[in-house]
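Please keep the sequence and the model at hand while reading.

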Amino acid sequence: MAIRERVTSSLKSKTTKAGWVLPRASSSFADPDAWTNIDCDVTPVERRTWSAWTMFGYWFSDALNAQSWMAPASIIAIGLTWREAVVCIIFGSLVCTVPLVLNGMVGAKLHIPFPVSMRASFGWYFSRFAVVTRAITALFWHAIQTYTGSTAMTQIIRSIWPSYLDIPNHIPESVGITTQGMVSHLIFWSVQFPILLIPPHKLKWFFVAKCVLVITTSVAVVITMTTKAGGSGEIWTLPYGVHGSERSWLILSSLSSITGGWATMATNIPDFTRYLKTDKGVYWQVVFLPGIQLMLGLFGIICCSASKVVYGKYIWDPLEIAAQWDGPAGRAGAFWVGLCWVVAQIGTNLSANVISCANDICCLFPKYINIKRGVILSTITAAWIMQPWKIIHSAQSLLAFMAGLGIFLAPIAALLSADFWVVHRQKYDVPGLYRAHGRYRYNKYGTNWRAVVAFLVSVVPSLPGMAASVNPALVESVGGANKLYYMFYFWGYTSAFVVYALLSHFFPAPETHIPATIYDDSDVISGEPDKDSDIPDEKLGEKVEASPV
């Protein structure tokens, strides 16, 4: 009876705006009239539970997804060979480890989320632009991963009930999905939803379970396909489908697409490294990401090659390969492949997409949104409002989509890196990051003009190429600008980093420069930062009376 009364009371309170207000974080550095919550604030000591091994499990969970399997294989589909695919996997991943390490240290050292860290470089208000941009990108990826998970769910269901594939379609072709596909999408989303609500600091064992299941099943699929094909196929001797300068530009474009696929994580990695006990786990990402990507990419290449021998066509989607398996043994195999990628997609949505977007919404509306509520809003928007079935159609469109996202994320990641390491030399005023009129406001508009200029220098030159990738009819009209788009991440990250660092050097904002990191209000004496304020991490997030700003 008591439970029923509590539920009734809770539901009744939600009928008013005041009923949605969250408790204000007791350790908050925010202004007295502002609001924040525990998910926006500095990570409490008791939530810093991650180690280097947790980061290893995290990257296994993040990188082990169907897109990592398909991306290198899709490189072969556009006319390149396995050699270029391997090079793109290795170097594309290595390029992304640079911002992953540089930006990951922000979270590991200061234990603050990405939206808060961006205030130091973008300014109080302009940082919201970066946060919204990253949130939209995370939503797109969540939509794609969720749709891929629904196709995996189809394999699970049809392996048990083969007649499931015969469900009559009552949805118009223009919608882009069938009735059966919509049912699978609903079932997958319903299974995924409660798992997405698990708090980030409690995900360790889910990551471990995913690693074991995905690796075991992936190896089994490779063995199955090579056995059926009597080897790994003829992909190792496959001739080039393109030649000359066109091949060179395709290699560069494919390399950028691999890099762009990780542009989201390279930007918002502080959302996860904030849970680390020490910052040593950040450096291991240089080994983790390329190694995992290469392993899964090679699996995809081998199976894609074998599928040509077995089925007469290159199949770069592991779920489409499983869809070819029939009979009792075939359906049993399809069940495990489907289960593997259902878990894989849920894990990737957890580690890379939903939590990222939820953090953004949480920091934009801290009075009403925490991470749990942000997750609910994110997954409903991505899975149903964005209609992910219309996003993925072919290998070429997948590459174009992956590449396009990185145009806007590259400068954001670059500005965070340059500001923390070069401009402010790892010395931030943590309480000041939570105050609207603190040292990182820059001006009455809350905007750092240096960040605006650097962002535009990075993004604008790549826009014509992006437009041409979406609409091939524009290729001739954009001229050489299309070539710059082929190296969008290299240009975007490097140009923004250099321009911002130079502008900040010749036109500094002296109010933002301090002699040592300020972790707490107690580190400020008489309005001036204490030069000995680099106190241990354990002090971060403790209750301290807010000093006047």
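## H7 against H16

The crossing of H7 and H16 is left-handed, a term used when the near helix is turned anticlockwise from the far one by less than a right angle, with right-handed used if it is turned clockwise. Helix H16 spans residues 327–364, and its axis comes within 7 Å of that of H7 at a crossing angle of roughly 160°. H7 and H16 are therefore roughly antiparallel to each other. On this scale, angles under 35 degrees are roughly parallel, over 145 roughly antiparallel, 65 to 115 roughly perpendicular, and the rest oblique. The residues of this contact divide into 18 nonpolar, 13 polar and five charged. Here Ala, Val, Leu, Ile, Met, Phe, Trp, Tyr, Cys and Pro count as nonpolar, Asp, Glu, Lys and Arg as charged, and the others, Gly among them, as polar.

The model is predicted: local features need pLDDT of at least 70, side-chain atom pairs count only at pLDDT 80 or more, and totals for chains, interfaces and linings use all residues. Residues are numbered from 1 along each chain as its sequence is written, and side-chain values use heavy atoms, leaving out hydrogens and water. Helices (H or I, at least four residues) and strands (E, at least two) are DSSP runs, numbered from the N terminus. Axes are lines fitted to C-alpha atoms, for helices over the stretch in contact, and angles run from 0 to 180 degrees between N-to-C directions.

Which residues does Ser-150 contact, leaving aside its neighbours within four places in sequence? They are Ser-184, His-185 and Phe-188, where contact means heavy atoms within 4.5 Å. Ser-150 sits in helix H7, which covers residues 127–160, and is buried at 2% relative accessible area. Buried means under 20%, exposed over 50%, and partly exposed in between (1.4 Å probe, protein chains only). A polar atom of the Ser-150 side chain lies 2.5 Å from the backbone oxygen of Tyr-147.

Thr-154 also belongs to helix H7, and with 10% relative accessibility it counts as buried. Not counting residues up to four places away in sequence, Thr-154 touches Tyr-164, Leu-165, Gln-180 and Ser-184. The C-alpha atoms of Thr-154 and Tyr-164 are 8.3 Å apart, with the two residues 10 places apart along the chain.

## H2 against H9

Helix H2 (residues 52–63) and helix H9 (residues 204–229) have axes that come within 8 Å and cross at roughly 50°. That makes H2 oblique to H9, and their crossing is left-handed.

On the H2 side, Thr-54, Gly-57, Tyr-58, Phe-60, Ser-61 and Asp-62 take part, meeting Lys-204, Phe-207, Lys-210, Cys-211 and Ile-215 of H9. The residues of this contact divide into five nonpolar, three polar and three charged.

Buried or exposed, where does Gly-281 fall? Gly-281 is buried, at 2% relative accessible area, and lies in helix H13 (residues 280–283). Apart from residues up to four places away in sequence, Gly-281 touches Ala-52 and Met-55.

Thr-494, in helix H23 (residues 488–506), is partly exposed, with a relative accessible area of 45%. The Thr-494 side chain reaches the backbone oxygen of Phe-490 at 2.7 Å. The C-alpha atoms of Thr-494 and Ala-418 are separated by 10.0 Å, the residues being 76 apart along the chain.

Methods. A polar contact is a pair of N or O atoms within 3.5 Å; within protein, one must be able to donate a hydrogen and the other to accept it, and residues adjacent in sequence count only if both atoms are side-chain atoms.
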